[in-house]
Amino acid sequence: MRNKSRLVHELERLLGPRSVLFQDQDLALYEYDGSIERGRPDLVVFPRTAENVSAIVKIANREGLPFQPRGAGTGLSGGTVADQGGITIAMSRMKQIEIDAPNLRAIVQPGVVNHDLSIAAAPFGLYYVPDPSSQKACSIGGNVAENAGGPHCLAYGVTTNHVLGLQVVLPDGEIIETGGAALDTPGYDLTGLFVGSEGTLGIVTQIIVRLVPLPEAVRTLLAVFPSVETASNAVSAVIAAGNEPAAMEMMDNTAIQAVEAAKHAGYPLDAGAVLLIDVEGVREGLDELVAQISDICRAEGAYEIRIPQMAEEREKLWSGRKGAFGAMGRLAPSYYVQDGVVPRTQVPAILRKIGEIAQKYEVRIANVFHAGDGNLHPLILFDERDELLTQRVIQAGNEIIRECINVGGSITGEHGVGIEKRDLMALMFSPVDLQVMARIKALFNPDNRLNPCKLLPATKSCIEVSAKRRAAMRKPLAVGARELESIGGLPIP
Ligand SMILES: Cc1cc2nc3c(=O)[nH]c(=O)nc-3n(C[C@H](O)[C@H](O)[C@H](O)COP(=O)(O)OP(=O)(O)OC[C@H]3O[C@@H](n4cnc5c(N)ncnc54)[C@H](O)[C@@H]3O)c2cc1C
């Protein structure tokens, strides 16, 4: 990068001391997210306001540099990875929360950690529904960009269903507002367009979110099955019977082994698969609902049903489930997680296929997933220092995604496309579909400096620049599942 020291001084004057990272050892901490993609930025900056972000964007444009927003870096598709270099705009110091309890909403800055919002809302008897398993680390800005889901989105919908309005810095530095506090706003639904746009259309600097009352009562049920097949059949049967659990999560035996080794959460080690089910609402009628779901699970082959009576036991089971990705560090140094979605009834067939793919590529795969949504998370276990194995792992991952598409599914349920799946977009969308998306991107981001080479199939120049920068980087840090286990986010200077 030319004129780096001049630029660092200019940005430090703008943002204050300790707001710009420029040394290699610091930048190395920002060259990855939770995926296997790598790309080191030239600078990392920490704005505190929308005006700061706007000024940074204008400077980047003046210098002809790419720039990308970054939340907590827990993304699983390389969305924030600077594979084209440039300035990474880290939102982690934009953490203000304003709870507007009478209107059941909150106004938050994008760096707010998802779980912190629900903690702040709890004294008002409210919470923020979307709860990605990474919620103790990931940011609301990252959730908006990825349209994040979570275990409890089964009944209440994903991020887009809980965002009322946004403030966004556009790629030319202009600041706009979309949606608003009122229930409906006229004009195009720009809020809907920005949610899930993976930081390619604008940088979100404020979010108005919906809050909902905490449920009067919650019951958790652990159903233990001999196989993933019987557990999958139970998922379909429970929903087909007209029940609407708040969450329905599945873990297979490999996942249980890892979770128990790491978390001692109380899952049975001999289970072929378990279903962790939450039902919630008004107290009256909840026990009957639990009994009904238990009966269906038993009819589908569950040989044990556990209904925790104490809050600690329930929390332990959930902390095991939410810590499952990190727990994979007990089995292998790295994991490659896929995020395909299939129609719920196809879950048993696709899990069989995943087993066959594991055998074909000689890899071990654990399955932990949002079963109620048919949103699979096969975790392919490996060691990323073994390059040949890494290639086999990527091929296995791609084959799983192709199988999901073959049965009417999608390449991603909630982790986004980013770098990782950009070339798989052509499997799902026609050239015309992709052109329409490219036109929308070009309308907001005509110079393609904001988060370039993400979401849509890569151009030749994207691949060349990324390969050149990667070759110039020292050997990638061996960041694997074990580091993510503590899921405490990345160090902030
Ligand atoms: C252990 C683990 C479990 C997970 N479980 C789930 C889960 O259950 N459900 C789920 O949906 N995801 C899950 N994820 C994936 C990840 O946590 C989510 O995608 C999350 O929304 C990313 O947030 P982040 O703050 O880490 O964003 P980052 O990784 O920093 O960035 C993600 C994307 O958002 C963009 N971005 C960030 N901030 C902004 C902003 N202010 N404006 C515009 N764009 C922005 C970035 O450019 C990038 O494209 C999990 C990840 C891990 C590691």
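These legends walk through close-up views of one predicted model. Residues are numbered from 1 along each chain as its sequence is written. Because the model is predicted, local features need pLDDT of at least 70 and side-chain atom pairs count only at pLDDT 80 or more, while totals for chains, interfaces and linings use all residues.

**View 1. The shell around the ligand.** Here 39 residues surround the ligand, and the closest are Gly71, Gly75, Gly79, Gly142 and Gly199 (near meaning a C-beta atom, placed from the backbone, within 6 Å). Helices (H or I, at least four residues) and strands (E, at least two) are DSSP runs, numbered from the N terminus.

**View 2. An open sheet of 4 strands.** The order is β1-β2-β4-β3, with mixed pairing (strands pair if DSSP finds at least two bridges between them). β1 (20-21) and β3 sit at the edges with a single partner strand each, so one side of each has no neighbour in the sheet. β2 (residues 43-45) and β4 (residues 87-90) pair in the parallel sense over 3 bridges, and Val45 stands opposite Ile89 in β4.

**View 3. Pro47 in its loop.** Look for Pro47 in the loop between β2 and α3. Pro47 counts as buried because it has 27 C-beta neighbours inside 10 Å (buried takes 20 or more other C-beta atoms within 10 Å, all placed from the backbone). Leaving out residues up to four places away in sequence, Pro47 touches Leu15, Asn52, Val53, Ile56, Ile89 and Met94 (contact meaning C-beta atoms, placed from the backbone, within 7 Å).

View 4. The largest core has 73 residues, of which Ala223, Ala234, Val259, Val274, Leu275, Leu379 and Ile380 touch the most other members. Its largest share, 6 residues, comes from strand β14 (residues 273-281). Apart from this core lies another, of 49 residues, among them Leu43, Ala90, Val144 and Val168. A core here is a set of buried Ala, Val, Leu, Ile, Met, Phe, Trp, Tyr and Cys residues joined through C-beta atoms within 7 Å.

Key
A residue is buried if 20 or more other C-beta atoms lie within 10 Å of its own, exposed if 12 or fewer, and partly exposed in between; C-beta atoms are placed from the backbone. Two residues are in contact if their C-beta atoms, placed from the backbone, lie within 7 Å.
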